[in-house]
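Hi,

Here is the structure I said I would pass on.

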Amino acid sequence: MHHYLIFETVGGFCGIAWNDNGITRFQLPTKDSAAAERMLLRRLPNAEPGTPTPDVLEAVAAAKRYFEGQETDFSDIRLDLAGQEAFFRQVYAAARRVRWGQTTTYGALAKELGAGPEAARDVGQAMAKNPVPLIIPCHRVLAAGGKIGGFSAPGGATAKTRMLELEGVHVDPPQPAQQTFGF
């Protein structure tokens with residue numbers, strides 16, 4: 001049985017879901033509570049509103065601090081990643097070691113896990129399917145060359161950039177696909 005809570009941060013409305021084993025889903029901020037709830041329930045259609053456990057309340061408080069721009073560490077929050085592929089769980093564990101204000105790349109995570117550069121794409125797939133973004137800080141994982149890369153959360157790459165800026169990380173905007181001739 002999954003329970004969930006929708007809560008407000010200065011960044012917008014977030015959602016969090018949990019079961020007896022830990023937190024199973026996190027919804028990054030949306031503009032209104034109905035959107036956050038709809039997006040969370042899309043992934044957990046049978047979840048029911050519930051009274052948060054002390055662990056869940058700590059995760060909510062940490063998320064609120066994060067969106068206020070306070071340095072926040074989510075590494076001690078208990079998660080339930082059952083149902084995730086073994087490789088994805090390894091990627092998530094490695095991503096959780098990337099601290100506030102730091103970034104890494106898909107390729108660097110693949111290398112850390114003992115995989116070759118071709119596994120960078122698989123790391124990217126794990127990040128895209130991250131069930132608990134922010135708690136597993138997929139926003140801190142960049143594309144090759146420090147480019148922003150993709151972000152499947154509401155707001156896409158713009159949201160990723162804003163989250164990194166909260167942490168004091170500046171990422172240059174992508175260059176236009178078509179350059180001018182300069183004359």
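A word on the ground rules before that. The model is predicted, so local features need pLDDT of at least 70 and side-chain atom pairs count only at pLDDT 80 or more, while totals for chains, interfaces and linings use all residues. Residues are numbered from 1 along each chain as its sequence is written, and side-chain values use heavy atoms, with hydrogens and water left out.

**The helix pair**

Helix H3 (residues 86-95) packs against helix H5 (residues 120-128) at an angle of about 80°, and their axes are 9 Å apart. Helices here are DSSP runs of H or I with at least four residues, strands are E runs of at least two, and both are numbered from the N terminus. The axes are lines fitted to C-alpha atoms, for helices over the stretch in contact, with angles running from 0 to 180 degrees between N-to-C directions. H3 and H5 are therefore roughly perpendicular to each other (65 to 115 degrees; under 35 is roughly parallel, over 145 roughly antiparallel, and the rest oblique).

Which residues meet? From H3 and H5, they are Phe87, Phe88, Val91, Tyr92 and Ala95 on the H3 side, and Asp122, Val123, Gln125, Ala126 and Met127 on the H5 side. Contact means heavy atoms within 4.5 Å. By class, this H3 and H5 contact has 8 nonpolar, 1 polar and 1 charged residues (nonpolar: Ala, Val, Leu, Ile, Met, Phe, Trp, Tyr, Cys and Pro; charged: Asp, Glu, Lys and Arg; polar: the others, Gly among them).

**The pockets**

The largest pocket holds about 410 Å³ of space. On a 1 Å grid over the protein atoms alone, a pocket is an open set of points where a 1.4 Å probe fits, with protein on both sides within 12 Å along at least five of seven lines, and lining residues have an atom within 4 Å of a point. Grid points are joined across faces, edges and corners, and the volume is the space filled by probe spheres set on the points.

This pocket is lined by 23 residues, with Arg43, Ala128, Asn130, Ser152 and Ala153 closest to its centre. Strand S3 (22-30), helix H1 (33-43) and H5 each give two or more residues to the lining.

The second largest pocket has about 260 Å³. Of its 14 lining residues, Gly11, Pro29, Phe67, Ala159 and Arg162 lie nearest the centre. S3 and helix H6 (156-166) each supply at least two residues, and H6 gives the most, with 4 residues.

**Some single residues**

Leucine 134 has a positive phi of about 85° although it is not a glycine. It sits in the loop between H5 and strand S6 (141-142) and is buried, with a relative accessible area of 1%. Buried means under 20% relative accessible area, exposed over 50%, and partly exposed in between, using a 1.4 Å probe and protein chains only.

Glutamine 84, in the loop between H2 and H3, also counts as buried, at 18% relative accessibility. Leaving aside neighbours within four places in sequence, glutamine 84 touches Arg89, Tyr92 and Pro131.

Is valine 10 buried or exposed? At 62% relative accessibility, valine 10 counts as exposed. Valine 10 belongs to the loop between strand S1 (3-9) and strand S2 (12-19), and beyond four places in sequence it is in contact with Phe67 and Glu68.

Cheers
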